[in-house]
Amino acid sequence: MKKYYINLTEQERSQIIHSLADKKNELMAKGRYSASRVKC
């Protein structure tokens, strides 16, 4: 699998991290989140 790198400003990076955390919390509340599914 080919990896891509994106240059982000600190503000963009922060916004993405917060959005992902919000999505994770939403899925956890619905019982649809499992850390074992996450692949790095």
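Trainee: Where does Leu 8 lie?

Mentor: Happy to start there: this is a predicted model in which local features need pLDDT of at least 70, side-chain atom pairs count only at pLDDT 80 or more, and totals for chains, interfaces and linings use all residues. Helices (H or I, at least four residues) and strands (E, at least two) are DSSP runs, numbered from the N terminus. On that numbering, Leu 8 lies in the segment before H1.

Trainee: Is Leu 8 buried, partly exposed or exposed?

Mentor: Buried means under 20% relative accessible area and exposed means over 50%, with partly exposed in between (1.4 Å probe, protein chains only). Leu 8 has 42% relative accessibility, so Leu 8 counts as partly exposed.

Trainee: What percentage of the chain do buried residues make up?

Mentor: The chain has one helix and zero strands. Of its 40 residues, the buried share is 0%.

Trainee: How far does helix H1 reach from its first C-alpha to its last?

Mentor: H1 covers residues 10–29, which is 20 residues.

Trainee: Which residue takes a positive phi just after H1?

Mentor: Good one to look up in the structure. The phi is about 75°, and the residue is Gly 31.

Trainee: Which residues do salt bridges join into one network?

Mentor: The whole structure has three salt bridges. Glu 26, partly exposed at 35%, pairs with Lys 23 at 3.6 Å; these two are separated by about one helical turn because they are three residues apart in H1. Glu 26 also pairs at 3.4 Å with Lys 30, which is exposed at 52%. Through shared partners, the network joins Lys 23, Glu 26 and Lys 30.

Trainee: How much accessible area does the nonpolar patch on the surface have?

Mentor: Patches take residues with over 30% relative accessible area and no salt bridge, joining like charges within 9 Å and nonpolar side chains (Val, Leu, Ile, Met, Phe, Trp, Tyr) within 5 Å. Accessible areas come from the Shrake-Rupley method with a 1.4 Å probe, and for residues only the protein chains shown count as cover. Together, Ile 6, Leu 8, Ile 16, Ile 17 and Leu 20 have about 500 Å².

Conventions. Residues numbered from 1 in each chain as written. Heavy atoms only, no water. Expected span 1.5 Å × (residues − 1). Salt bridge = Lys/Arg side-chain N within 4 Å of Asp/Glu carboxyl O.
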